Amino acid sequence: MTDEEDEAPTDPARRIKTLERKLALAKQNFVDYRALVSKKLGLAGSLDSPSQPGPSQTIALERDDDTHYFKSYGENDIHAVMIQDKVRTSTYAKFILTNPALFRDAVVLDVGCGTGILSLFAARSGAKRVIAVDASDIAERAARIVKANGVEDIITVVRGKVEEITLPDDIKQVDIIISEWMGYALLYESMLDSVLHARDRFLRPGGVMAPSQCKMMFSLCDSTEIFKERIGFWDDVYGFDLSVMGEDLYDEAIVDVVGPNTLLSEPVSIKDLLLGEITPRQLDFSSSFTLVSTAERRTKVNSFILYFDTFFTITGHPVPSGTNVTFVKEGDVVVAEIWPAGGKRASQRRQSMGADRDTPISFSTGPQSVPTHWKQTLFLLREPISVAEGSTVHGTFHCRKSEDNSRELDVEIHFSVKQDPEDPASETVVQMYKVR
């Protein structure tokens with residue numbers, strides 16, 4: 001402390017300046033202390049230095065859309081649900097384990113590795129090196145799982161956001177990126193942004209993205225049972241009208257499962273994502289659609305339905321036009337070829353890498369298939385629309401990241417109905433939804 005400060009000046013202007021210097025010194029001491037604690041505890045990056053505004057500035061708190069997201073993936077239950085989703089897990093296993101020519105001696109990056117199950121598949125299929133990345137607490141258990149399975153010489157678990165990490169052992173590029181990044185309505189949670197960042201930073205030219213392609217599928221739907229469960233029952237609760245409770249549900253997309261007979265039109269693709277090419281900016285989009293009713297008699301349509309189909313190819317190229325997705329039916333045995341009886345390793349026939357051998361492997365989250373943990377996404381209509389066979393619904397589907405939380409989605413659907421090709425279209429209806 002200087003003599004000037006010891007004198008405790010009585011002049012107000014000098015005293016204010018003295019106090020400001022003391023405040024600045026205290027702030028700097030606090031910053032240094034935080035840095036010291038962070039270094040001692042090995043928490044680099046978790047105790048970020050606060051901004052240091054001047055006397056007349058206001059501290060602006062940075063919005064955090066990630067903390068809850070990563071924390072949720074540190075819990076066991078969510079990983080049990082995903083691994084027990086046989087459509088999801090067995091399809092990834094089939095692609096990885098039946099394509100040893102692709103994975104043999106490859107360097108693989110697993111983005112959002114979770115328990116490390118996809119990394120274990122890659123190691124079993126002959127990968128030379130696998131880097132498994134996750135920003136949540138599950139990374140610590142993934143490292144123990146890798147060690148428990150005796151593949152720590154192949155798989156390295158890196159905890160951190162893929163946007164911020166560096167690859168170990170001076171690795172600069174990888175041959176394959178595997179990731180299970182899909183969320184409800186495909187794009188919920190915005191994990192794809194991180195996968196594309198990893199692609200642009202680490203995937204070598206000609207490298208393969210797995211999956212290589214996803215299609216967002218859209219259709220008319222009869223979701224009467226969902227309506228009754230979520231909204232209709234509020235109309236009469238022990239003789240009381242509680243319908244106010246259901247009013248806001250029209251603004252929220254509903255994630256649930258409906259049966260194959262609920263589709264009232266042939267589904268159309270409203271967004272085709274080629275993972276080797278698409279950019280983060282293209283994930284906010286608008287897409288026109290025309291849905292043709294397949295109802296055999298006049299029917300009320302009370303919702304639109306959205307689901308996605310996922311494709312894997314060994315070249316990473318788009319699937320040919322008209323390629324049918326695989327629907328898994330109840331009772332189908334989808335894991336026998338991956339895990340033979342007795343736990344022995346599946347046979348791995350040597351495969352050609354020619355284009356003629358690039359038979360896509362796929363799965364669907366639609367109602368025509370066994371339900372997955374993604375279920376389907378339903379957009380209930382405030383006013384149901386009446387259709388007969390051949391009626392058309394024309395419209396535009398708008399999707400963008402929410403301004404309130406970048407991991408949520410804002411959806412806006414504009415549509416009109418033509419009962420007959422010669423009839424004029426109805427007035428355009430606009431309805432907005434949150435996917436969260």
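How do the residues of the lining of the largest cavity divide into nonpolar, polar and charged? I went looking in this predicted model, where local features need pLDDT of at least 70, side-chain atom pairs count only at pLDDT 80 or more, and totals for chains, interfaces and linings use all residues. Residues are numbered from 1 along each chain as its sequence is written, and side-chain values use heavy atoms, with hydrogens and water left out.

**Entry: the search.** I searched the whole structure and found two cavities of 30 Å³ or more. A cavity here is a set of points, on a 1 Å grid over the protein atoms alone, where a 1.4 Å probe fits but cannot get out; lining residues have an atom within 4 Å of a point. Points are joined across faces, edges and corners, and the volume is the space filled by probe spheres set on them.

**Entry: largest cavity.** I noted about 50 Å³ of space here. Its lining includes Leu187, Ser190, Asp193, Arg400 and Lys401. Two elements, α9 (191–202) and β13 (392–401), each give two or more residues; helices (H or I, at least four residues) and strands (E, at least two) are DSSP runs, numbered from the N terminus. My opening question is settled: four nonpolar, one polar and four charged. Ala, Val, Leu, Ile, Met, Phe, Trp, Tyr, Cys and Pro count as nonpolar, Asp, Glu, Lys and Arg as charged, and the others, Gly among them, as polar.

**Entry: second largest cavity.** I noted about 30 Å³ in this one. Tyr184, Tyr307, Phe308 and Trp374 are among its lining residues. β10 supplies the largest share, three residues, and β12 (376–387) gives at least two. I logged six nonpolar, four polar and one charged.

Technical notes. On a 1 Å grid over the protein atoms alone, a cavity is a set of points where a 1.4 Å probe fits but cannot get out, and a pocket is an open set with protein on both sides within 12 Å along at least five of seven lines; lining residues have an atom within 4 Å of a point.
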